[in-house]
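Dear colleague,

Here is the structure I promised to pass on. My notes follow below it.

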Amino acid sequence: MELTENNLTHSNYYSCDQYVSNSMLSHISVSPEHFRFMMDNPQPATPAMKLGSAIHMNILQPAEFHKYYGVSPKFDRRTKQGKEDYKNFINNNLSKTIISESDFELIEQITLKTMRDNTVNRLLCNGEAEKIITWVNNHHEVDCKGMLDYHRDDMIIDIKTTKYASYNGFMKSVKKYKYHK
């Protein structure tokens, strides 16, 4: 596989349909109609997807976290002051994904536990987080794209969150989400 030059950035990666991505292939594997529907009607992220993305960013790009996520304190929106405070919070965080304080505490706990692991620390050094690559699949004559969680000269690291941490539970996630393909 020979990488090609691209003009993709983190802000236009998901909206650019000039290249085929793994998620696009997942949709087309259901049917061409499903693929078209998903392209025309992007689905909102589920709570689990939002949490996973936030954990992912906090591990790989902690300095960027608060640029993209707003941590919402609890507001008593039954009161005039609570409604006003909530409105101000939302207005100050319009371009951010809003997460609760309890989700942020969970994200911090998972991040701290992950980063305390010596193997993780060795793997997540001397590389680049969220590296965007493109290439041409010559067999199918299609331009492809991918975003690597963490790229080093000697390996690619892919961060996954899962509801089931046991070996069998994670293997079910691997099969369900086709991580192995």
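Start with aspartate 154: this residue is exposed, at a relative accessible area of 55%. Keep in mind that the model is predicted. Aspartate 154 pairs with arginine 152 in a salt bridge, with 2.8 Å between the closest N and O atoms. Arginine 152, by contrast, is buried, because its relative accessibility of 13% falls under the 20% cut-off.

Two further salt bridges deserve a look.

- Lysine 160 bridges to aspartate 158, and their closest N and O atoms lie 3.2 Å apart. Lysine 160 is partly exposed at 36%. Aspartate 158 is partly exposed too, at 48% relative accessibility.
- Glutamate 64 and lysine 67 join through their side chains, at 3.2 Å from N to O. Glutamate 64 has a relative accessible area of 26%, so it counts as partly exposed.

The structure has six salt bridges, these included.

Now the overall picture. The chain has eight helices and five strands. Their order along the sequence is α-α-α-α-β-α-β-α-α-β-β-β-α.

The chain has 181 residues, and 27% of them are buried. Take the contacts between residues at least 6 apart in sequence: 55% of them link residues at least 24 apart.

Last, the charges. There are 23 positive and 22 negative ones, and their mean positions sit 9 Å apart.

Best wishes

Conventions. Residues numbered from 1 in each chain as written. Predicted model: local features only at pLDDT ≥ 70, side-chain atom pairs only at ≥ 80, totals over all residues. Heavy atoms only, no water. Helix = DSSP H or I, 4+ residues; strand = E, 2+ residues; numbered from the N terminus. Buried < 20%, exposed > 50% of the residue type's maximum accessible area, 1.4 Å probe, protein only. Contact = heavy atoms within 4.5 Å. Lys, Arg positive; Asp, Glu negative; His and termini not counted. Charge placed at Lys NZ, Arg CZ, Asp CG, Glu CD. Salt bridge = Lys/Arg side-chain N within 4 Å of Asp/Glu carboxyl O.
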